[in-house]
Structure formats: C-alpha cells, structure tokens
Amino acid sequence: MARIIEFCFLMLKVAIALLLAGMVVLVFGNVVLRYAFNQGITYSEELARLFFVWLTFLGAVVAMHEHGHLGVDSVIRRLPPNTAKAAVLAGHFLMLVATWLLITGSWDQTLINLHVKAPATGISMAFFYGAGLAFGVPAFLILLWDAFCVATGRIDLATAELVRDSEEQIADDDHSSTGLVRPVNTLGSQR
C-alpha cells in the first residue's frame, strides 16, 4: 500500500512539473508573439492562471504529505508528553474542520459554476473550483491519518517532525537526501 501511495505522489510531482512547464511555454510564447509579431494567444493568460491554481493546490498536497509546510513546534516540544499529544490532536482537529469547510465550499462552487464557461477558453469554471477539492480530499485524509497515528502512539511526538522550522531546513533536507550536503542537526541550536 505504501508503494502505491508513493507512486501517486510521484505522479502528482510529475503533474506539477508539467503544469509549471505549460505555464512557462504559454506565458513566454505569448510575450514573444506580442513583441515580435504584434499578435498573441488569446487563451494564454486564462490557461496559465488555471495551471497556476492547480499547481498551487497539488503542491500543497505534496507538501502536506512530506510534512513540508512551515510551522512552529517549539511549544509542543516543551510540553509534557500527554499534554503535547492533546495539543497536537486539538490542532489536527482544527485543521480537519478548516479542510472540511474548504471541501464543502469548493464542492458548492464547483456545482454552481458547472455550466459557467471561461471567457477565452470556454472551459467550465467548475474545473477552476475543482482544484480546491483536489487539495481538500487528500489533505483531509492525510490529516486524519496523522491524527490517528498520534492518537495511537505510532508517531512519537518527542522525535517526530510534523512541520518544518524554516525554508532553509527544507532545502537542506532536500540536498541531504541527494547527498549534496551533510544532514542538519535538528536538535541543535537551529531549533
């Protein structure tokens, strides 16, 4: 099961890369056409905006899976274990509520805009609002699983890294996994 999940997240990363490449081609191509030939692609801006929205929401799912979102856990680390567990579970409950609101709002907007067409491309605006669902459903499941793992003790809060402290730590972790730099001591003075 873990291999299937990792494959799905690999496919998400490929989709994100393709969306980014599509944005670059559309915007750069439109700039060249405007300056060189005094013409342009009418749907370029609209598609690039749609690609950007989907890229953002899919990237947020990948970051949530990898616990790559920035956060501060210094208070949690100073609490007694049972209190820390309760605080993390309360935080996960609040995130689940917010994610549920995002899912229901995105679903409502998707249904409302099902027959509304985008002006340049004619694509249904439901596709635009569906990006919220593409983020909300996997994020809800990830949060639910993490809360279950914390509640059952599968995740030890004393050693777990539920959030990242800084963008530098994320970059260092990415480089250390490729062997470019040595691993960062997360228990040292950086916390």
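Me: Which residues does G122 touch, not counting residues up to four places away in sequence?
Reply: In this predicted model, G122 is found in the loop between α4 (81–112) and α5 (125–152). Once residues up to four places away in sequence are set aside, the residues that G122 touches are E46 and K117.

Me: What distance separates the C-alpha atoms of G122 and Y43?
Reply: G122 and Y43 lie 79 residues apart along the chain, and G122 also touches E46. The C-alpha atoms of G122 and Y43 are separated by 9.3 Å.

Me: Does G122 count as buried, partly exposed or exposed, and which class is it?
Reply: The relative accessibility of G122 is 35%, and the partly exposed class lies between the buried limit of under 20% and the exposed limit of over 50%. G122 therefore counts as partly exposed.

Me: Why does N30 count as buried?
Reply: N30 lies in helix α1, which covers residues 2–37, and, leaving aside its neighbours within four places in sequence, N30 is in contact with Q39, G40, I41 and S44. Buried means under 20% relative accessible area. N30 counts as buried because its relative accessibility is 12%.

Me: What accessible area do F7, L10, M11, V14 and L18 have together?
Reply: F7 has its place in helix α1 and, at 49% relative accessibility, counts as partly exposed. Together with L10, M11, V14 and L18, F7 forms a nonpolar patch on the surface, and the accessible area of these residues together is about 480 Å².

Me: What share of the accessible surface of the chain belongs to carbon and sulfur atoms?
Reply: Buried residues make up 28% of the 191 residues in the chain. The accessible surface of the chain comes to about 12,500 Å², and the share belonging to carbon and sulfur atoms is 69%.

Me: How many helices are there in the chain?
Reply: From the N terminus on, the elements run α-α-α-α-α-α, and there are zero strands. Among contacts between residues at least 6 apart in sequence, 69% join residues at least 24 apart. The number of helices in the chain is six.

Note on methods: Residues are numbered from 1 along each chain as its sequence is written. This is a predicted model: local features need pLDDT of at least 70, side-chain atom pairs count only at pLDDT 80 or more; totals for chains, interfaces and linings use all residues. Side-chain values use heavy atoms; hydrogens and water are left out. Helices (H or I, at least four residues) and strands (E, at least two) are DSSP runs, numbered from the N terminus. Buried means under 20% relative accessible area, exposed over 50%, partly exposed in between (1.4 Å probe, protein chains only). Contact means heavy atoms within 4.5 Å. Accessible areas come from the Shrake-Rupley method with a 1.4 Å probe; for residues, only the protein chains shown count as cover. Patches are made of residues with over 30% relative accessible area and no salt bridge: like charges are joined within 9 Å, nonpolar side chains (Val, Leu, Ile, Met, Phe, Trp, Tyr) within 5 Å. A salt bridge is a side-chain nitrogen of Lys or Arg within 4 Å of a carboxyl oxygen of Asp or Glu.
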